[in-house]
Amino acid sequence: MSNSDNRTYWLDNPGNVNKLFYAVVALTVVLAIPDILALFHILYDKHPKAEMEEIPFFYGLYAMICMLVLLGVSNSVSSFLKRDEDYYD
Amino acid sequence: MIEGLNPGIILILGALIVPLTSGVVRGVLLLALPVLGMAQLLSLGLGSWGQFEIMGMQLTVTHIDPLSRVFGLIFHVAAFAGILYSLHVKDTVQHVATLIYAGSAIGAVFAGDLITLFAFWEITAVSSVFLIWASRNEQSFKSGIRYLIIQVTSGVVLLGGIALYAADTGSIKFETMEFGSLATWLFLIAFGIKAAFPMLHNWVQDSYPEATVTGTVILSAFTTKLAIYALARSFPGTDLLIWIGAVMVIFPVVHATLENDLRRTMAYSLNSQQGFMVIAIGIGSELAINGVAAHATISILYTCLMFMVTGAALYRTGTAKVTELGGLYKSMPITSLFAILGALIIIAAPLTGAFATKSLILSAALDEKMILLWLVMLFGAVAVIDNVGIKIPLFGFFSKDNGKRFQEAPLHMLLAMAVMAGLGIVIGLSPATFFALLPTPMESHVYTASHVVTQLQLIAFAVLIFALALRTGYYPKMKESITLDFDWIYRKVGKVALIRTSSIVSELWNQIKIFGLLFVGWAIAKAEKSHGEGQAMSRTISSGHAVSVILILFAVALVVIYV
């Protein structure tokens with residue numbers, strides 16, 4: 001182990017972290033486009049096996065719902081389930 | 001190569017030579033053994049060998065079919081990469097345990113009958129515990145004991161099942177069984193313990209994070225996947241497994257989200273991924289079983305890889321806890337890169353293996369119109385994006401710099417990571433080649449536009465919510481703490497109940513003893529009253545009196561006999 005170096009890394013700049021966040025937002029927008037095209041059958045068609053898949057942006061919406069449920073449940077049970085590290089000792 | 005020799009036995013016998021070697025020779029031997037095993041496996045092709053009869057039972061020591069071959073191949077790869085990862089270790093116990101453990105897992109996969117399976121099944125349990133104990137601290141010792149009790153229980157239950165099954169059917173062949181009899185229930189429990197079924201699962205999260213840096217990598221590859229193989233062999237199409245699998249997918253993910261220790265996070269995630277395979281076994285169609293074999297393979301690749309990167313962090317920094325790690329990407333850039341690659345594989349990003357294999361299982365569910373189940377699995381797929389996909393690289397390697405600097409992981413560790421990551425990606429690039437190894441030949445179109453788009457949507461939107469939760473502070477804070485799980489029942493409630501019961505029993509015993517003493521005292525006092533010194537029964541009398549008494553007795557006897 002050595003002491004901290006003085007090099008500044010790209011991620012050390014909060015502005016760049018923001019850039020990454022906006023990149024993710026932009027990516028989600030780009031990935032929503034095919035679903036819009038599919039509504040008008042332009043260039044891209046869905047091949048749904050389940051009826052649900054026909055809902056526009058189904059995968060994106062479902063992913064967001066799942067994440068919110070997961071984080072919501074995790075937050076709500078956290079205080080109930082968390083114990084000190086030496087709990088069993 | 002020796003005709004019909006079970007490849008696992010090569011590793012087990014090789015392990016016995018290991019203590020006689022040292023230095024470079026040992027390194028070469030360790031690496032050569034899995035390669036030899038693999039060569040043996042490939043040279044044998046498909047078929048059965050080593051059949052003989054013992055006490056009226058037909059044993060088949062080596063049986064290779066397409067299903068067992070897939071598991072055997074990946075087990076050899078995992079053994080090789082695991083050993084490569086642990087080349088720096090100078091601990092003979094760990095070397096021998098690793099080889100015997102990997103060898104017996106391979107041996108079990110190629111077992112053609114249940115007795116052979118049982119033998120290897122037990123050897124995996126006993127050999128693997130040394131990888132936990134090798135941490136050589138009190139925590140790992142206790143955890144290893146719990147691990148051993150649970151693993152050996154699985155073996156005992158299996159043996160009970162075999163005895164009943166042989167009595168019921170007269171066969172000990174390891175093959176597809178009709179689920180329902182007591183024997184098959186015992187099999188399900190025995191396999192279920194090792195597969196980490198809900199409520200039988202705690203040994204995974206308890207012991208894997210307590211094993212050594214390298215031990216965890218080895219452990220993560222074999223036991224749980226061996227159980228998946230055994231289930232796929234015995235109970236394809238058993239409906240019960242679908243629901244067990246669904247619970248398995250869902251339950252561990254909350255713990256994985258809350259967990260501070262990255263290796264324990266991985267252990268929970270591994271458990272959730274097991275659920276996918278258990279569901280597919282329950283569905284049991286040809287596509288589903290192909291999915292099991294394929295996903296087990298990829299799962300071993302990415303699980304080992306993630307345990308390798310978290311292990312490397314632990315090796316260099318002495319901790320694998322989110323709260324203690326910071327800015328590790330600055331010190332360990334290559335390991336961090338592998339963490340990202342592993343994350344991409346585990347979240348099933350296009351061009352990685354899991355993108356191809358997870359979709360087999362999801363399609364199998366949709367083919368059977370199991371929509372609810374499909375939604376459960378999609379939930380699991382999203383959860384793993386959070387639990388491992390983002391959490392491990394971000395919190396483990398790209399978190400806020402804490403100013404500490406370390407060395408990059410040793411070269412052999414990086415090479416081992418490269419083997420796993422490389423295979424995970426190669427399979428993703430050309431899934432058809434890999435699918436040719438699966439039990440049933442099939443046509444697959446992995447890279448359709450809609451599959452790529454939908455999967456990318458799933459990932460990107462999950463990442464978006466993750467990022468938003470992090471920015472708004474909604475994401476659960478990582479704390480230096482543990483999260484209670486089902487083992488609380490036996491480690492806390494069970495322990496307290498046992499201590500209470502034993503104190504009640506000992507109190508009761510004390511009371512009985514006190515009562516007994518009182519009774520004896522009372523009896524002695526009573527006796528003293530009649531027989532004590534100077535009392536009626538202890539008085540001395542003259543010999544004349546005595547003779548008269550005897551004469552009277554004689555007279556009475558005479559009268560009784562002759563009258």
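**A tour of chains A and B**

Select Arg83(A): its bridge partner is Ile482(B), in strand 3 of chain B. Strand 1 of chain A and strand 3 (residues 482–483) of chain B run antiparallel and are joined by two bridges; strands pair if DSSP finds at least two bridges between them. Helices (H or I, at least four residues) and strands (E, at least two) are DSSP runs, numbered from the N terminus.

This is a predicted model, in which local features need pLDDT of at least 70 and side-chain atom pairs count only at pLDDT 80 or more, while totals for chains, interfaces and linings use all residues. Residues are numbered from 1 along each chain as its sequence is written, and chains are lettered from A and ligands numbered from 1 in the order in which they are written.

Next, show the contact between the chains (C-beta atoms, placed from the backbone, within 7 Å). Chain A contributes 43 residues and chain B 46 residues. On the chain A side, helix 2 gives the most, with 16 residues.

Now select residues 47–54 and 57–64 of chain B: these are strands 1 and 2, antiparallel and joined by seven bridges. Ser48(B) stands opposite His63(B). Two residues lie between the strands of this hairpin, and Met55(B) has a positive phi near 50°.

Move to Ala348(B), in the loop between helix 14 (333–346) and helix 15 (353–367) of chain B. Ala348(B) is not a glycine, yet its phi is positive, about 60°. Most residues other than glycine have a negative phi. Is Ala348(B) buried or exposed? Ala348(B) is buried, with 26 other C-beta atoms within 10 Å; the cut-off for buried is 20 or more, for exposed 12 or fewer, with partly exposed in between, and C-beta atoms are placed from the backbone.

Methods
Contact = placed C-beta atoms within 7 Å.
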